[in-house]
Amino acid sequence: MRIELRGITKKFGFFTANDQIDLIVEPGEIHCLLGENGAGKSTLMNVIFGHLQPEEGEIVIDGETVKFNNSGEAVRRRIGMVHQHFMLVPVFTVAENVVLGFEPTKSFNRLDRKKAADEIRRVSKEYGLEVDPDAVIEELPIGLQQRVEILKALSQDAELLILDEPTAVLTPQEIEALMAIMRSLAKAGKSILFITHKLKEVKAVGDVITVIRQGKVVGSVPPSASESELASMMVGRDVNLTVNKEASPPGEEVLEIRDLVVRDDRGLAAVNGVTLDVRAGEIMALAGVQGNGQTELVEALAGMRRIESGTITVKGRDVTNSKPRQMLDRGLGHIPEDRQRDGLVLPMSVADNLVLNTPRRAPFARRGSRNLSAVDENALKQVKDFDIRTTSIREPVSALSGGNQQKVIVARELSRPLAFLVASQPTRGLDVGSIEYVHRQIVNQRNEGLGVLIVSSELDEVLALGDRIAVMHEGRITGVVDPTTSRENIGLLMAGSSIKVDHD
Amino acid sequence: MTDNMDDVLAQADPDTPVVRRSLWTRFSSKSPIVLALLALVLGFLIGALVIIFSTNTVLDAWRNIFSSWGAPWDALKVTFDNVGAAYRALFTGSVIDPPQFWHSIVTGKQWDNSLTPISETLTYATPLIIAGIAVGIAFQTGIFNIGANGQAIMGGIAGCAVGSMINMPAFIHIPLTLAAGIIGGVIAGAIPGFLKAYTGAHEVIVTLMLNYVIAFFLVFVLLSTALQLPNQSNDISRTMYSSAQLAPLFGTASGLRVSYGIFIAAAVVYFAWWFLDRSSLGFDFRITGNNPNAAKASGINARRVVVVVFLISGGLAGLAGVVQVASTTHYVDGNFLIGNAGIGFTAITVALLGRNRPMGIVWGSLLFAALGVGGRNMQAATGIPLDLATIIQSVVVLFVATPVLVKEIFRLRSSSAQGIQLATKGWSS
């Protein structure tokens with residue numbers, strides 16, 4: 001299918017989300033749409049999929065001008081969309097989800113499960129998408145859930161597949177698998193619109209890359225374009241992709257973790273005998289595929305999860321099984337993995353969020369009464385120092401973009417006296433400009449002698465920031481290596497291989 | 001929090017950056033005051049329809065509009081006369097009667113008559129404000145204290161017991177009585193508080209059920225020697241000594257019932273504002289209420305917050321109960337805060353109406369008290385049943401609870417994009 005967008009303009013009130021967008025996707029082409037958060041990518045996709053109606057412009061499919069009033073009409077014109085947040089019923093099986101809305105029935109309107117399962121096997125086989133039709137969605141890993149979404153679109157005979165930030169929730173291996181699927185679909189003649197803000201991915205899989213910024217098309221380039229070229233097109237200025245980090249001699253150990261065992265919510269030992277040190281003035285990067293116990297390890301460090309056995313020592317003092325408040329008082333700085341869940345109170349103001357875990361510390365309160373002028377003063381200072389883009393310090397933090405929300409947390413954690421910093425996926429979901437900023441802040445802290453533990457499933461981030469890299473697999477540390485180690489070897493450790501890697 | 005359209009948009013579409021809002025949109029769609037006033041307007045409009053459809057003279061006039069040239073005009077006039085008379089009675093019965101008031105100003109006499117309506121409204125509003133704040137503070141912490149009524153009954157019982165036990169000087173007796181009421185409420189609030197904090201029992205179930213337990217406990221103590229009026233077989237308590245009563249502001253001779261209790265309500269409102277906006281503990285409460293996960297990560301002890309919020313909420317509800325007894329009846333009987341008189345239940349509605357903000361709760365309480373008091377006057381003056389006031393109350397609450405509907409009715413802002421945006425959210429978000 002060939003789809004052409006001509007001069008699409010979409011406005012929300014006074015704000016123009018899409019401004020005269022032109023775009024052509026040829027049959028069998030993987031067309032990447034690259035842009036920062038807030039550039040208008042998702043809005044454009046919602047226009048194509050009929051969720052939103054543009055004020056101006058037209059959509060032309062195979063030479064015929066079409067107009068969609070809702071997504072059902074788009075599906076009928078063979079457009080399929082895989083949303084960033086999956087639209088699956090968690091307690092239904094794969095087969096039930098795929099046929100939902102188009103159920104094959106037997107007599108008396110009973111669902112024909114066999115026919116549904118057969119349909120899935122047919123489509124799975126045709127495109128090499130292996131999924132068990134009888135598996136229940138909530139028991140499947142994220143990567144497979146996404147595959148079900150793709151299957152669902154394909155079983156409705158989609159010729160154009162829109163993938164909205166599909167890799168944001170996937171592990172590196174799952175991303176590889178997804179890219180293979182995309183290539184095989186393109187080979188079978190499907191058109192693919194792939195939306196992302198990750199440069200490596202577009203270069204790896206795209207046939208054409210269109211960059212949009214502030215609702216406008218900046219230009220289209222072949223995948224041979226360099227990463228820094230793409231980044232500057234996205235951001236509108238030159239971006240420094242490598243982290244400048246001068247050597248810094250590490251000091252004494254600030255955080256010692258010994259034989260730590262922590263159970264997850266299901267009662268399994270998610271952290272199973274971890275021993276790890278972080279020294280002052282160094283960044284220890286913890287690499288690993290997500291779900292290998294990193295989350296539980298960080299929660300244990302933050303005092304939010306009970307420690308089964310083993311010890312945690314901060315500056316020589318045993319803090320095993322301390323409460324969150326005690327850990328904060330011992331100098332823990334914590335940038336949580338899920339910032340909206342654990343790091344912010346969205347309806348509350350920027351100023352309040354900047355003192356969220358220090359409300360009783362002078363000068364923000366005295367004898368149980370808050371000193372709001374000190375809180376405001378602090379907020380104004382942090383907004384300026386950390387370049388938080390907000391219309392007002394009274395604005396609810398929910399009104400800020402993801403990057404600025406993260407800056408609020410970074411500002412809050414880095415502006416109080418710390419013994420060590422734990423940063424979990426500190427740049428997940430952020431645009432290039434914000435990533436650059438957060439990285440620089442963390443490196444600055446390390447240069448000033450702070451011990452930092454970074455947990456990240458992005459290998460690039462681990463390699464760029466780590467002074468030492470620990471790799472975690474199934475609750476254990478499979479190796480501690482230095483950042484000059486090859487990607488292949490770290491990859492082997494991430495996969496749990498016991499291969500000996502030279503280190504230290 | 002779906003009343004905030006900008007938030008909804010911002011959350012639903014991560015690609016929409018912050019849009020600077022104009023003063024007009026801020027005023028027209030964001031302000032809860034504007035929305036509450038519009039809900040009130042709708043309540044009275046729907047009330048007018050109910051009057052029209054339930055008054056035979058009005059309906060007959062409309063049936064006969066084809067009988068003569070002047071009939072349509074007559075029908076309109078009858079309609080306006082009836083609706084106008086009802087709402088006039090509602091107003092004059094709850095605020096002031098302007099001619100009567102003017103008469104007092106001119107002659108300087110009959111002030112008691114002129115001020116009776118507003119005095120009655122304030123009398124009913126006083127305990128309601130306190131109970132509303134009890135519920136509102138809990139709501140802001142994310143705790144649904146449905147048991148304010150039971151806690152108020154406990155406060156009333158305890159206050160009545162202390163107030164009627166022995167005679168002593170008022171400057172000791174009144175504080176003791178009030179303290180007893182607060183403690184009664186604290187005890188009733190502690191039960192669901194500890195149960196939730198230490199066993200995870202859901203507070204809605206526990207508080208709801210405790211209301212029944214306490215209602216029967218009330219009858220039990222009223223029939224026991226501890227509280228029962230001597231030489232009586234009815235479920236009625238002894239009367240509080242006058243030294244324990246909250247005296248009428250203008251003296252017993254004036255006949256105006258509004259009491260010193262309104263100063264207690266004012267103090268509670270100030271406390272609630274300070275607590276929620278200015279105190280460190282209140283800040284912890286609001287963090288917990290808005291995001292329990294972030295509260296935990298910020299080192300807030302959730303268990304302690306749950307217990308303390310129930311102690312505060314229960315204590316305030318108990319205070320509402322004792323203020324009610326000490327300023328009006330001065331005794332409790334088996335009907336105390338039962339059925340329609342259950343201020344602890346009205347308090348939930350009032351807290352909703354006032355969006356759990358102290359001043360909002362004050363306005364909500366005054367409105368509810370005025371509709372109740374004025375409704376009785378309307379029934380007496382025009383024969384339109386008191387239930388109409390209840391209908392207006394209900395409609396107002398309904399519209400306050402569904403701000404999107406109000407915005408849609410008054411076309412405050414086109415919301416065509418919103419429904420669609422919400423639909424694009426998946427279960428994982």
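Guide: Helices are DSSP runs of H or I with at least four residues and strands are runs of E with at least two, both numbered from the N terminus. By that count, chain A holds 17 helices and 22 strands. This is a predicted model, in which local features need pLDDT of at least 70 and side-chain atom pairs count only at pLDDT 80 or more, while totals for chains, interfaces and linings use all residues. Residues are numbered from 1 along each chain as its sequence is written, and chains are lettered from A and ligands numbered from 1 in the order in which they are written.

Taken along the principal axes, the C-alpha atoms of chain A fill a box of roughly 70 × 50 × 50 Å. The secondary structure of 17 helices and 22 strands belongs to a chain whose radius of gyration (taken over C-alpha atoms) is 25 Å, close to the 23 Å that the globule rule gives for 504 residues, so chain A is as compact as a globular protein of that length; the rule itself is 2.2 Å times the number of residues to the power 0.38. Of the 504 residues in chain A, 47% are buried, where buried means that 20 or more other C-beta atoms, placed from the backbone, lie within 10 Å of a residue's own, exposed means 12 or fewer, and partly exposed lies in between. Two residues are in contact if their C-beta atoms lie within 7 Å, and among contacts in chain A between residues at least 6 apart in sequence, 67% join residues at least 24 apart.

The domain assignment, whose bounds come from an automatic or database source, divides chain A into domain 1 (3-235), domain 2 (240-331 + 417-504) and domain 3 (350-416). The centres of domain 2 and domain 3 of chain A, taken over C-alpha atoms, are 26 Å apart, and eleven residues of domain 2 are in contact with eight residues of domain 3. On the domain 2 side of this meeting, helix H15 (residues 432-447) of chain A gives the most, with four residues. That side divides into six nonpolar, four polar and one charged residue, where Ala, Val, Leu, Ile, Met, Phe, Trp, Tyr, Cys and Pro count as nonpolar, Asp, Glu, Lys and Arg as charged, and the others, Gly among them, as polar.

One detail of the backbone remains. Most residues other than glycine have a negative phi. A:Gln214, although not a glycine, has a positive phi of about 50 degrees, and is found in the loop between strand S9 (208-213) and strand S10 (216-221) of chain A. A:Gln214 counts as partly exposed because it has 15 C-beta neighbours inside 10 Å.
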